[in-house]
Amino acid sequence: MNTALVIEDVRLTPILVSDPPLLNTQGVHQPYTPRLIVEVVTRDGTTGVGETYGDGAYLEPARSLAEVLPGRAVTDLNGLFALADEVCEGSHAAADDRVDAGGLRGVRNAGKIRLSVVSAFEVACLDALGKAHGLPVHALLGGKVRDSVEYSAYLFYRWAAHPGPGEADDWGAALDPAGVVAQARRFADTYGFGSFKLKGGVFEPDREVAAVRALAEAFPGRPLRLDPNGAWSVPTSLYVAEQLKDVLEYLEDPTSGTEGMAAVAAGTDVPLATNMCVTTLAEVPEAFDRDAVQIVLSDHHYWGGLHRTRELAGICRTFGVGLSMHSNTHLGISLAAMTHVAATVPDLAYACDSHYPWQSEDVITERHTFTGGRLTVSDAPGLGVDLDRDRLTALHRRWLEDDGTYRERDDAAAMRRADPDWTTPAVPRW
Ligand code: GKR
Ligand code: MG
């Protein structure tokens, strides 16, 4: 083993990142959201970085894994999974087998949480390995097949500001078709995005249909998507599909569960995409067998990193299912990782999602810039990003000083600050 590539130290830094008041079917984003930054330092002093969810359920297995990693090589990526299974067994997350607290990301079980944790270590190892050899991460994944990756504008219904004191950003509210179109216009003008996804499940379906129709009028011929995170019944999903069939590129998770998705898919020609009903390998066979989804929105956090994302791409290709990428609130490290892996997947036929433009804070020195709706794939060693230590320290201090209010993502709790009677809606909501 090349001893220079042996891990000497692992640093975990939980942080709180500011987040705007973006609405979804469960509630609204809190003013701060937790993320975890992982650094692996090799014997020759090379540091690789990764990023993942930062809620408590992720921190515990991350700490267990960080403890046992020193002494292993950054090249031993397959070994990471076995190690994680071994050391995370019996942790708090192992007992957790239920739908995600936010209800927005599908099943949440110990295995999926563990993979989301491992993903950050895998990315950090790849970053370190790439830096040590002067190779970009995409080269370690087999090489890029494109020089830039297309992203879509991720539109949200939103308030102008979070309830209570605090500063508002300059986006203003978007609560009706005109507000959604204005938001889309700014995304298109600033970043050049050519396709648009609206996070739905917030208002009555007809109101959201009107917003998508307004987008279609404002941006004729552009790919449009609507994602209510499983908030609709099968008949409502079919109704919306019928209303929007001439303008939708795809409908994303209109209803919850494979059975419902299969029923919707059987009743419409509008393709269905998901980041909720196929988020683990165990969910693949039934969903593909029943033709419940036509596009899987992969997320390298869920699937255990960049190599596993490529494995998923191979499975999708085999079954003639499309692949694109899901996004949750994330920073520049994860966006770099997404871009590297997306650059290596030959048949990526859809613009990927990214929340990134909503994040005004970051932990890297140079923020990514979308041009023409695309990100250039970096050829610099590793991920091609550098940690901004001062920012990292400041965001970690915020996490340390938090009294626990924001250390767990809780969109329903955030909504209750505006509407004390709010309870997480049962699905189907409509
Ligand atoms: O951040 O409100 C949100 C999104 O709804 C997110 O949690 C989802 O996981 O963006 C995601 C999606 O496409 O479903
Ligand atoms: Mg989605």
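Trainee: By class, how many nonpolar, polar and charged residues does the shell around ligand 1 have?
Mentor: This is a predicted model, so to speak of local features we need pLDDT of at least 70, side-chain atom pairs count only at pLDDT 80 or more, and totals for chains, interfaces and linings use all residues. Residues are numbered from 1 along each chain as its sequence is written, chains are lettered from A and ligands numbered from 1 in the order in which they are written, and side-chain values use heavy atoms, leaving out hydrogens and water. Asp, Glu, Lys and Arg count as charged, Ala, Val, Leu, Ile, Met, Phe, Trp, Tyr, Cys and Pro as nonpolar, and the others, Gly among them, as polar. Sorted that way, the shell has three nonpolar, eight polar and six charged residues.

Trainee: How many residues surround ligand 1?
Mentor: Asn-24, His-29, Tyr-154, Lys-197 and Asn-229 are the closest. With a heavy atom within 4 Å of the molecule as the criterion, the number surrounding ligand 1 is 17.

Trainee: What percentage of the accessible area of ligand 1 does the protein cover?
Mentor: Let's start with polar contacts (N or O pairs within 3.5 Å): oxygen atoms of ligand 1 lie 2.7 Å from a polar side-chain atom of His-29, 3.4 Å from one of His-355 and 3.2 Å from one of Arg-409. On its own the ligand has 350 Å² of accessible area (Shrake-Rupley, 1.4 Å probe). The protein covers 100%.

Trainee: Where is Asn-229, the non-glycine residue with positive phi?
Mentor: Its phi is near 50°, and Asn-229 is also among the residues closest to ligand 1. With strands as DSSP E runs of at least two residues and helices as H or I runs of at least four, Asn-229 is in the loop between β11 (224-227) and α7 (234-244).

Definitions and conventions
A polar contact is a pair of N or O atoms within 3.5 Å; within protein, one must be able to donate a hydrogen and the other to accept it, and residues adjacent in sequence count only if both atoms are side-chain atoms.
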